[in-house]
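Colleague: I am new to reading protein models. Could you take me through this one, feature by feature?

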Amino acid sequence: QVQLQESGPGLVKPSQTLSLTCAVSGGSITSYGLYWSWIRQPPGKGLEWMGAIGSSGSTYYRPSLKSRASVSRDTSKNQFTLQLFSVTPEDTATYYCVTQNSPSSRTKAQDYWGQGTQVTVSS
């Protein structure tokens, strides 16, 4: 079974870069037709799809985050990474890595989710 686990600092200072890594097991991030996404949920708010990287390395981003978000991967480690530059307290949220069949904000029941990791942006 595909399993995903997020990791990274739980506290980031404003203006710094938020970096999170998703370790994948039970499946390859280079498998054809699969996309590896990042979704976040600010406290008291709904889920926000951020971006994804496909099996070939193509990336997709939420338009509002495209200028400061970057999704990359390390195929040798079978993991992918989220970088969010110039963070503010508005970026405080629980961050999830997700496996999808399409780089879409519309998640489906067959998608696999990590347990999520909370990131707080504060000085």
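Predicted model: local features only at pLDDT ≥ 70, side-chain atom pairs only at ≥ 80, totals over all residues.

Colleague: How many bridges join strand 3 and strand 8?

Modeller: Strands are held to be paired when at least two bridges are found between them. Strand 3 (residues 18–25) and strand 8 have six bridges and pair in the antiparallel sense. For one example, look across from Leu20: Leu82 in strand 8 stands opposite.

Colleague: And what joins strand 7 to strand 8?

Modeller: Six bridges again, between strand 7 (residues 69–74) and strand 8 (residues 79–84), which run antiparallel. Arg73 has Phe80 in strand 8 as its bridge partner. The two strands form a hairpin with four residues between the strands, and Asn78 takes a positive phi near 55 degrees.

Colleague: Phe80 has come up. Which residue forms a tilted aromatic pair with Phe80?

Modeller: For ring pairs, read the distance between centres, then the angle between planes. The structure holds four aromatic pairs. In one of them, Trp36 and Phe80 are tilted, at 5.9 Å centre to centre and 55 degrees between the planes. This pair links distant parts of the chain: Trp36 is in strand 4, Phe80 is in strand 8, and they are 44 residues apart. Trp36 is buried, with a relative accessible area of 0%. Phe80 is also buried, at 0% relative accessibility. Trp36, Trp38 and Phe80 form one aromatic cluster.

Colleague: Why is the pair of Tyr96 and Trp113 edge-to-face?

Modeller: Planes over 60 degrees apart count as edge-to-face. The planes of Tyr96 and Trp113 are at 75 degrees, with ring centres 5.4 Å apart, so the pair is edge-to-face. Tyr96 lies in strand 9 and Trp113 in strand 10 (residues 112–113), 17 residues apart.

Colleague: Are these two residues buried or partly exposed?

Modeller: Buried means under 20% relative accessible area. Tyr96 has 17%, so Tyr96 counts as buried. Trp113 has 32% and counts as partly exposed.

Colleague: Why is strand 4 largely enclosed?

Modeller: Count its buried residues. In strand 4 (residues 35–41), six of the seven residues are buried, so the strand is largely enclosed by the rest of the structure.

Colleague: Which strands pair with strand 4?

Modeller: Strand 5 (residues 48–54) is joined to strand 4 by six bridges, and the two run antiparallel. Tyr35 has Gly54 as its bridge partner in strand 5. Six residues lie between these strands in their hairpin, and Gly44 in the turn has a positive phi of about 75 degrees. Strand 9 pairs with strand 4 over seven bridges, in the antiparallel sense. There, Gln41 stands opposite Thr94.

How values were computed:
Residues numbered from 1 in each chain as written. Heavy atoms only, no water. Buried < 20%, exposed > 50% of the residue type's maximum accessible area, 1.4 Å probe, protein only. Phe/Tyr/Trp six-rings, centres within 6.5 Å; stacked < 30°, edge-to-face > 60°.
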